[in-house]
Each structure stands twice: as structure tokens, then as C-alpha cells.
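Open the model in your viewer and keep the selection panel at hand. The stops below go from a whole chain to its parts and then to the contact between chains.

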Protein chains: 2
Amino acid sequence: MVKAYRASILHFLADPDKTPVEDAYEYYEDGVLLVDNGEVVACGEAQAMLAGLQGEYELVAYENALIVPGFIDTHIHYPQTEIIAAYGEQLLEWLETYTFPAEAQFSDPVYARGIAERFLDELLRAGTTTALVFGTVHKASVDSFFEASEERNLRMIAGKVLMDRNAPDYLVDTPESGYQDSKALIEKWHNRGRARYAVTPRFSPTSTPEQLRRAGDLLAEFPGVYMHTHLSENKDEISWVRELFPDCEDYLDTYDQAGLLGRRSVFAHCVHLEDREWQRMSESQSNIAFCPTSNLFLGSGLFHLSRAQENNIRVGLGTDVGGGTSFSMLQTLNEAYKVLQLRGEKLSPFKGFYLATLGSADCLDLADLVGNFESGKEADFVVLDKACTPLMDFRMQQCKDLFEELFVFSMLGDDRAVQATYAAGVRVHQR
Amino acid sequence: MVKAYRASILHFLADPDKTPVEDAYEYYEDGVLLVDNGEVVACGEAQAMLAGLQGEYELVAYENALIVPGFIDTHIHYPQTEIIAAYGEQLLEWLETYTFPAEAQFSDPVYARGIAERFLDELLRAGTTTALVFGTVHKASVDSFFEASEERNLRMIAGKVLMDRNAPDYLVDTPESGYQDSKALIEKWHNRGRARYAVTPRFSPTSTPEQLRRAGDLLAEFPGVYMHTHLSENKDEISWVRELFPDCEDYLDTYDQAGLLGRRSVFAHCVHLEDREWQRMSESQSNIAFCPTSNLFLGSGLFHLSRAQENNIRVGLGTDVGGGTSFSMLQTLNEAYKVLQLRGEKLSPFKGFYLATLGSADCLDLADLVGNFESGKEADFVVLDKACTPLMDFRMQQCKDLFEELFVFSMLGDDRAVQATYAAGVRVHQR
């Protein structure tokens, strides 16, 4: 049966920095989102939408609420759920001290499944319905993740980590085993239901050139598969890459020489890119995951969003849990704003909500499926509660318009603001 | 009747950066805090404490909880509660666009009282029991604040803003009226119950040298009264001060020439101090309020904590609401950590919790009254809940020791972590 969700409704049609802002979004203060069979039928003004409905339908009304497309997280590590908020280190020491020991446990599929469930609970509590997800080096970690995700019918992209050097013995594969395991996972999971696969070298320091080339082979053999890795996050990391790859022009070139750039390649961080790298990212249509809470927490530096835009590079938002400190895309917007303020740039709340929804969908080449409420899109959406805390309630009452309300959501909001989360038309989280 | 609060208990005796860390705090995993007549009697191991009690007592046990001294906020603006999370500006434009219009309403004592109540609700929800508080230029704003604070029996320091230029007509006083109003407020409120007064020039750009001198007269006439202002927050602000005060050596000197430095003088921000200013702050025993969420939100810059310590300057933590984005001292610790990471420095959770309690008490010269659980201190304390969210609960279970638990509180915690807040032995907030 058709369901009609009534509340204020907002979704984006285009990047508000590239279109007159009033054309970039649709907003219905008293709106209805019509959903049938897991897909969006339409959205619009409530009275007109309801008057136009024929036959039976079910009405679900949310008071003092804003419905937006499900949030999309373009970079996150599910095995690091248990080390979020681990103390004191910058990137390389943080990996050694916290990440590698935690990831060792994911050879056990039962353990992995338990963490995957907890991870998905947290994502949905935060209103995130799609994510690009790191597993561990273990094939089982990805099976467990996709099994958990499939049960909830979530649109998720994930992959097994490739890592054949500079890591503990218990966490390395080989170019050949990494290739074979990834291939088996692609054949099993890519485009099964709402799952897609990402070939996932952790980062150049932990893959030999041979392993990176084998990753490139996978992308060539399986068009449509994603590539997901890290790039230029931390200055010590960059120096190390220069030592390890003396024949490459720069960090990005270590991936480029292996054929790892392209429309479905997502590079997390990109905090310290050089001129040639910006240009090559752009030429190759590669994408960036901007991860503000992580960049601040690990002291990596301040991402240069305007530079990415000048180069016409698609940017999505990432939490980067466990290097990031929150699963919430609202808290991520809070810190994205702060990162840009330190650079003397502004992040408007329209741009912020665009990035958290359609912008990140576009970054993941999923904008034909999710990210807004165009007819036929998968019905992933979030109900945001304007009165979720006494302070939020009071502050919202001072707001003159949607712009201010969105900014208050992004500065004061967290998982409490998420009253309900729906995936493919089914409620998968209720606060 | 004596009350015995049973939970894990932590309090600090000294700065963990200046004392062997194991001597800097006392921790009782199964502890009891004894309170009588609004004061701390003692704290220690539960079994020994309870065995030693004679006569009747009431036991209040909190499960999976940590009791710490009430948090202390060394810089906050109560009239800005309604403009927290206002978009897009750095300091000077932010004042013009948001702050001044909001402050205009505080000529009305009924309005002011309403906001004061809401503000105190938010402070207590966040576990903050003492704060150094800006009012507005209106005398009534401070009467209303102290009336609200007195009803709840809170240890609070506040003052009327002095501002006689570079502000809208409806918000300025004169050197003489500012002096007289402040004097009347001091005589009425300073040391009445738990209230203390702070002479409060907003900042040098909005006070003439004459007004600053009259502020200095008040400090000379009323020893023990505080001085509270802003210093060196933003680079445009600093340039403006240089133009306005051509005869002063630097920004700090504008206050120094008026006699405004000293043991009970608190300068918010101090992000861009110069060498001479660091030295003079130290010589004069002046204090700094470090306000990380505000410094990031307004793009002001990164406070240099180690520099303050090298100069033996007392530092407290401030939220700076509404320039700051949260009333929570836990979220303030989260962003303090991030500010220092960007500087390549570390903020240990011991230091963080010290700063939020005894360190800030010392900064406000209140360490004889609040900030820890030494016998005779005022019984202001907070009960922190280790299971306040599913993620916090899970993450706490991974912690090996107190150090890790404190860090998780400071990275993942917010007002939800505050199960109850007590002031002078009375419960003033219950989640």
C-alpha cells in the first residue's frame, strides 16, 4: 500500500554552489513524501499530494519534524567501532597502537558479525542509510558485514582490506591472495540486492606496488566495482610514501600507476594534496571523502574544500569512525563548518545538507538511486525532530527560515535529532 | 542528615602536569562521598567509609557511574543562549549581526529572568555548577541572573557589561553610569550567598580608555571583586585595538594601563598573544579562559596551552556560549583535544578533567571552596553515567583503566552523560 509521510520535507536537486540556490533544492513546509514498494513515488505540498491520491493509502504524520534523504557516509571503518575515541596519537602511531590489534579479531566471523550489527545500529541511529565501508584484511569480515547489511536491506558498499606489508603478520595478505579473495567477494556480493563492492587497499604504505597493480586488475576485470583508499592524510604518512615509492611523482601517482583512479574511486582525506595531485584527481574524475572529525581528532590538518570545488572534484562527507569521533553526520557537519572557518571559508547549511545527502550520493556514483526524493529513487529517508532537546527546541523557535533551521540542526544536532530512519521504505530505526 | 553517595569517585588535588600524576588525583573505584549540610565531609573507599559512620545516614548508590566535582565554566554569556549556532561570521561581524540585537532585549528584567532560568537549566543539565558569566550592559540583566542563581543556591560569578562606544546606541553606557551601576551591583551581590561579582568590560574596542580606568577604580575600591573580559581572540580585533589605542604597547596593555590585571582577572581566549603579553599575563598572575568550541566555530585560531603552562599562567576551560557551540564541558574537552592535536600537542584526559574541575576553580580563585572533594568544600558534584548511550556503554566496556574511561567520557560524552547534578549537597538536575 502507498504510504504518505507528512512533515516538512527537504531534498536537493543540484549542488547549491553550482546552481542558483533556490533551484538547488525543493522544500515543502507542510509536505508529503509518497512511498510505494520501497521507492519514492513523489513529494510535494501535503494538501495537493493527498488530494491527488486515489485508492487506499496509509498516512504517517510527524509533528515539528523535517524529512530529508538518508545521510550518506563516504568513508568509515566498521571494525573500528570498538576503538572510537582511542587516545593520543596521530595517524601512523594510531594504526599501530589501536587499529591493527582491533582488526585482528575479525578473522572470526561470529565476532565480525556482532560488530557489524552494532555498527549498523549506530549508523541507523545517526540517520545514515548508505556508507562506503572498510572491512579488515579477512575475507570473513566482508561476508559478515554484507550478511548483516542485507538483512536490513541497506544500500552499502564495502570491501576487504588489501595489505601485504608494513603491518603485523597476522594482518597481511599477498598480492595473489588479496586478488583472489577480493574476486570471490565481488562475484558473491557486487550488485547482490543493495550491496556493491569496493576494492580496498588500505593505503600505499601497506601495499606493495605489485598488490596495487593486482587491485587495478580487479577494477579492469569488473567494471562498476569501486575503489576505496586513503590519500594524503598526514604529513609523516606522505613522507613515508615518498620513501617507499621513489619512482612515483607523488602520493596520488602510487595509485595512478596501478590504474586505481576513476569515477568510482574514492580517496579519503586529501588534506595535503599538491598542485599536480589536485589536477590529476580532477582529470581522472576521482572523488574525495572529507572527514572533518577525524582530521581534527588525529591532528591531520584542514581540508581545502574550495580548492576541490575549483578543480571540479566531487566531494562527499565521511565520519571515518574510528579515526572520527562520531557516527552522526550532523556532528560531522558541525566540525566541517569549523574546519572551514579556520580556513576563512564558509559552509552554508544548504551546502552542508547537500553534501550529506545528494553530494555524497554523487561522490559514490549512486545519485541515480539515492540521495534525493525524485520519483523512482530508493526510499531511504530520515525524520529529524526539531524539539529533540530543550536547547534545540528553544533555538529552533528563534529561527526565521529553513536556512537557520538547517544550521541549528548541524551545529546542535546529534543522534537524538534522528526520530526515525527508513531504508527502502521500511522503518529501520525508531528513537 | 549525612548523605553517602556511592559510585566510582574521582577528584584532583593538583595539576597532573606539575605533580607526579599518581599524586595529582584520588580515585576510588567503589567509593563513597559523604556530604553534610551542603559540604563535603570526606570521600574514600566505600566499605571503610561506611564502616566508620556513626549514627543515621542516607545512602544513595549510583550504578556504573563516576562522581566528579561539578564542572566549572570560566567564560560564558548567558544572554547569548538564544543565538547559539548563529551562522557564518567571525568575531566582529558576529557581534554586530547577532549578539548586539539579542542583548537589546535584556533591558526587560522579565525577559532576562526567563533566559537566565533557561541558561541555568542548560548549565546544570551539562553538569556545570559554577560559571563566570557575562550579562548585558543593562543592570537588570545581572539582577535577574543572580536572583535566578540564588534560588538554586549556585556558586556563580557575573557582571554587567561595560560598553561606551562602538556599539548600537541602545546598548551603551557611559564611564560614569557604568561605574555607578557596577558599584550598586557589587554592593548588592558580591559575596551575597554564593554570588560574586565581576567587573566586566566587554573588550577594549567597546570601552574608552576612561571607561577602562573607571573599571580599574572599582577593582581598587572593592578588593576581591573579579575582572572578566576578552583578549586577543581574532586577528581583525587585534588590528582594531591597535588603531584605537595607539599609545598602548599591545592589546593587553590597554587593560594593564587601567589597572585591570591580577589574580582575579580572567581573560577569555588569548589565542594570538605576543611575547610581551605572555610575560605580563604571567607577572600579573592573570588568568586565561580557553574556549575551544568557540575558537573553532568563529575561526579564531588555536590556543597555545603549552605556552601558557611554560609561563605559569593559570588556565581554565570556557564554553563561551553563544560563540561556543555547546554548554557541555565534555564536548568542550573533545574540541580542546582537537585544537591541541592540530598544534601537535596532547591533552591527556587527566589534565582535561583537572582543567574542567580544580583547574578552572583555581583559575577563578575558588579552589578553597569548590573544584574537589577535600573536607569542607562546598558539595557541588556530578554523577556521570558510563552507559548513557549504546555506543558509550559498549566503548566503556573496552576500557582497561580510568585513563581510558575519562577519555571516552570526554570524546563521546555530552549532557546525556550527566545523570544528576548536585549543588551544595542538593540535587539540582536529574536526567
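**Stop 1: chain A as a whole**

Select chain A of this predicted model; it has 16 helices and 16 strands. Its radius of gyration is 21 Å, close to the 22 Å that the globule rule gives for 431 residues, so chain A is as compact as a globular protein of that length. Along the principal axes, the C-alpha trace spans about 65 × 45 × 40 Å.

Colour chain A by burial next: 61% of its 431 residues count as buried.

**Stop 2**

Select residues 2-69 together with 372-430 of chain A for domain 1, and residues 71-327 for domain 2. The centres of these two domains, taken over C-alpha atoms, are separated by 31 Å. Where they meet, twelve residues of domain 1 are in contact with twelve residues of domain 2.

Which elements give two or more residues to the domain 1 side of this contact in chain A? They are strand 15 (418-423) and strand 16 (426-430). By class, the residues on the domain 1 side divide into six nonpolar, two polar and four charged.

**Stop 3: the two copies**

Show chain B alongside chain A. The same surface serves both copies, as 100% of the contact residues of chain B recur in chain A.

**Stop 4: the contact between chains**

The contact takes 30 residues from chain A and 30 residues from chain B. On the side of chain B that touches chain A, select helix 4, helix 11 (292-297), helix 13 (329-342), helix 15 (390-397) and helix 16 (402-412) of chain B, the elements that give two or more residues. Helix 16 of chain B gives the most, with five residues. The side of chain B that touches chain A has 15 nonpolar, seven polar and eight charged residues.

**Stop 5: helix 15 of chain A**

Finally, select residues 390-397 of chain A, which form helix 15, and show the side chains of its buried residues, A:L391, A:M392 and A:R395. Seen down the axis of helix 15 of chain A, these buried residues fall within an arc of 95°, so they line one face of the helix.

What covers the buried residues of helix 15 of chain A? The cover includes helix 16 (402-412) of chain A and helix 4 (109-125) of chain B.

Note on methods: Residues numbered from 1 in each chain as written. Chains lettered and ligands numbered in written order. Predicted model: local features only at pLDDT ≥ 70, side-chain atom pairs only at ≥ 80, totals over all residues. Helix = DSSP H or I, 4+ residues; strand = E, 2+ residues; numbered from the N terminus. Rg over C-alpha atoms; globule rule 2.2 N^0.38 Å. Buried ≥ 20, exposed ≤ 12 C-beta atoms within 10 Å, placed from the backbone. Contact = placed C-beta atoms within 7 Å. Arc of directions from axis to C-beta. Nonpolar A, V, L, I, M, F, W, Y, C, P; charged D, E, K, R; others polar. Domains from an automatic or database assignment.
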